[in-house]
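Let's learn how to read aromatic rings in a protein model.

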Amino acid sequence: MRRWLTPVIEALDQRQQPLQVFVRDDDAGWDDGRLQRLVELCDRQGATLDLAAIPCALGVDMGLWLADRIGERLGCHQHGYSHTNHATAGRKCEFGPDRAPEQQLSDLRRGWMRLERLLDGRTDPLFTPPWNRCTQATADALNTLGLQALSRDAGAAPLRLGALQALPVHVDWMKHREPSIAATETPPAPDLTTLGMRLAEACRREPVLGLMLHHAVMLDADFDALGELIVALQQSRHVEFVTMRTLLRSLRAQAALRRSA
């Protein structure tokens, strides 16, 4: 086992309670070759994977390929509409304050309908906003449409979720990159030491750990390191890989029990 995983293994060994892990990969619809590589890697190693798919970017052939594989270990849900930045200033956002509630609702509805067609009705009732950013109007629209969960960064500003469940991610794989030596088209390699420390921190703290990937910008080194991480997690007696769909069902069952108590 490579050294960067040592803090992760130590954190898992110190746990007293089970740790559920889900992997959310954003931007399905971009770079089908890397997407297929990721799906096949997780399937080969027995890990779960949840794909956040861009309705306007996902093609017919890739939709069919994914629909045939959606099941116990693979889920797919809506990731915005077209992954377009509508912010007039500040950080990028597709479903931000610059868009009226009716515009957001329209895009969400059209995106859901398109994704359902492409995935043969196998879309999970979850939503991940592009850039992990959205507004209260987004949450309200998701409730109107009957979606059941919202996935953003764990540190995102709170929203009134109503009937929605929160399925946050805690570690962004692509955030930990070694600095580029020069401005080239080659993306920087992963800083595995920093990534291992962040993963270890989350393993110590969280009952459920959400890991966020972006397959379209992953290098060979990322795929290799992800495979190593999956092996390390699977070897821990505390870890269970789960889909976001499974977590949602559990959260909804818990909420129903609280209401009936």
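Q: How is a pair of aromatic rings described?
A: The general idea is friendly enough: a pair is described by the distance of the ring centres and the angle of the planes. Keep in mind that this model is predicted.

Q: How many aromatic pairs does the structure hold?
A: There are two aromatic pairs.

Q: Which parts does the pair of W4 and W173 tie together?
A: W4 is in the segment before helix 1 (6-14), while W173 is in the loop between strand 7 (171-172) and helix 6 (192-205), so the pair links parts 169 residues apart in sequence.

Q: Is W4 buried or exposed?
A: W4 counts as buried because its relative accessibility is 6%, and buried means under 20%. W173 is buried as well, at 0%.

Q: What does the pair of F95 and F127 look like?
A: F95 and F127 are edge-to-face, with 5.6 Å centre to centre and 85 degrees between the planes. F95 belongs to the loop between strand 3 (74-78) and helix 4 (101-118) and F127 to strand 4 (residues 126-127), so this pair ties together parts 32 residues apart in sequence. F95 is buried at 0% relative accessibility, and F127 is buried with a relative accessible area of 0%.

Q: Where does the charged end of R37 sit?
A: The charged end of R37 sits over the ring of F223, 4.1 Å from the ring's centre.

Note on methods. Residues numbered from 1 in each chain as written. Predicted model: local features only at pLDDT ≥ 70, side-chain atom pairs only at ≥ 80, totals over all residues. Heavy atoms only, no water. Phe/Tyr/Trp six-rings, centres within 6.5 Å; stacked < 30°, edge-to-face > 60°. Helix = DSSP H or I, 4+ residues; strand = E, 2+ residues; numbered from the N terminus. Buried < 20%, exposed > 50% of the residue type's maximum accessible area, 1.4 Å probe, protein only. Lys NZ or Arg CZ within 6 Å of the ring centre and 35° of its normal.
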